[in-house]
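User: I am new to this structure. Please take me through the terms used for it and what backs each one.

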Amino acid sequence: MDQHSPVYLVGGPVRDALLGRPVKDLDFSVEGDAPALAQRVAAELAGKTIVHPRFGTATVIAGGTRIDLVTARRETYTHPGALPQVTPSGIRDDLARRDFSINAMAIPLAGDAAEVLDHWRGLEDLRLGVVRTLHDCSFIDDPTRVFRAIRYEQRLDFRIDQQTLAHLKNSVDQGLVAVLSPDRLRHEIQRILEEENPAPAFARCLDLEVLQAVHPALNDLGKLQRLAAGIGDIGAEIEAEIPMVYLAALVSDLSEQEGEDLIGRLNMPEGWRRIVRDSIRLQGMAAELNDESISPSRLVRLLEDVSVVAVAAMGLTSEDAWVNQGLHRFLTELRHVKPGLDGRDLLQLGVPPGPLVGRILGRLRDEVLDGRLDGGAGADAGRRRLVQELMADTIVGPVGAEAIGDAGHG
Ligand code: CTP
């Protein structure tokens with residue numbers, strides 16, 4: 001690396017390495033031009049670089065590893081919740097601008113011995129298991145640190161230092177969480193959702209009235225806790241979406257209006273919005289889903305346009321065993337059932353093109369789901385007979401004229 005620009009491993013990876021925890025991403029602080037160094041690193045590793053020249057930061061992505069490089073800087077805040085004013089500086093200032101002592105340590109890459117730069121008693125706090133800010137205004141400067149303190153405390157099984165906790169509570173009382181922009185707030189919620197087990201961090205947020213500052217209706221974490229206990233049973237297909245399953249469990253007891261308020265408060269992207277709306281809608285179907293006489297075809301018709309993530313969340317958190325079983329069966333088996341014929345087959349059997357094709361396919365699938373037709377494919381006698389009957393019904397029945405009319409337009 002550039003001999004004129006000292007480089008330090010800094011923050012999270014130093015903390016995790018010292019704790020003997022797996023190190024995910026690498027963060028470096030450069031006393032010099034971090035984006036320029038990033039370009040050279042990317043060239044050597046045949047990776048890609050994303051540069052943010054305004055912030056003097058860059059990310060190198062190479063072989064599945066993410067390397068963040070920042071230009072060592074001093075930061076000042078004009079008002080709570082604002083993004084900081086940044087001036088390039090040395091590693092000492094770069095450590096002093098950080099959130100907690102356990103994140104304010106660095107290891108210089110040059111030099112023979114791996115010495116740890118620790119101006120803020122980070123090593124001692126790691127040993128004691130303490131999350132401690134570097135100064136009294138830390139949460140006022142950056143209220144996202146309220147969430148960060150809670151996240152590290154719960155993830156590492158540490159405790160927030162007493163004075164730090166007093167400042168944290170003070171900033172919550174002063175309404176500083178509400179000052180955060182929707183996007184920054186959502187980012188913090190997302191980072192909790194991505195924790196291996198988000199339930200304790202949300203519980204602590206509730207305890208400290210941080211969650212209520214996001215939305216007052218987020219006051220019951222029973223589902224989230226049940227989900228955390230049962231998450232091992234989530235199917236492989238949905239595993240990659242576990243953070244979103246937690247989101248579904250977090251919001252499912254909200255009213256529609258509360259859900260819409262939360263969507264706005266966090267400026268949720270489309271994917272999140274769908275999960276929130278579907279999760280609340282699904283909750284409204286709870287009584288019907290809990291009816292033991294519900295047929296597989298009815299189950300599929302109820303659930304097929306609901307997000308799979310919301311279904312998985314309800315399946316793992318409902319207190320009704322019948323609902324758990326039904327949703328599990330829907331996810332693992334029923335939603336994959338096919339009618340055995342496709343649209344082209346129906347046209348060959350004389351069905352006129354148009355909406356009738358879709359309706360007959362739906363009926364065929366219902367019959368397979370409910371066991372009145374076998375699950376095989378092809379125009380066997382049973383399927384042909386049913387298609388003819390459905391066509392005849394449609395043509396002569398009272399709804400038929402309308403259906404054929406639709407088909408004619410199709
Ligand atoms: N940081 C900070 N204040 C913030 C955000 C970040 O001081 N509001 C500093 C901390 O030193 C942190 C580093 O920037 O260690 C990198 O931030 P981030 O990637 O969010 O944290 P990690 O420590 O890597 O934590 P995680 O393991 O949760 O990814």
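User: What share of the contacts in the chain with a separation of 6 or more comes from residues 24 or more positions apart?
Analyst: The share is 62%. Contact here means heavy atoms within 4.5 Å. This is a predicted model: local features need pLDDT of at least 70, side-chain atom pairs count only at pLDDT 80 or more, and totals for chains, interfaces and linings use all residues. Residues are numbered from 1 along each chain as its sequence is written, and side-chain values use heavy atoms, without hydrogens and water.

User: Why is Asp157 called exposed?
Analyst: Exposed means over 50% relative accessible area, buried under 20%, partly exposed in between (1.4 Å probe, protein chains only). Asp157 has 71% relative accessibility, so Asp157 counts as exposed. Asp157 is not a glycine, yet has a positive phi of about 60 degrees.

User: And why is Asn267 called partly exposed?
Analyst: Its relative accessible area is 41%, so Asn267 is partly exposed. Asn267 also has a positive phi, of about 45 degrees, without being a glycine.

User: How much of the chain counts as buried?
Analyst: Of its 410 residues, 48% do.

User: What radius of gyration does the chain have, against that of a compact globule?
Analyst: The chain has 28 Å, whereas a compact globule of 410 residues would have a value near 22 Å. The radius is taken over C-alpha atoms, and the globule rule is 2.2 Å times the number of residues to the power 0.38. The C-alpha atoms fill a box of roughly 85 × 50 × 35 Å along the principal axes.
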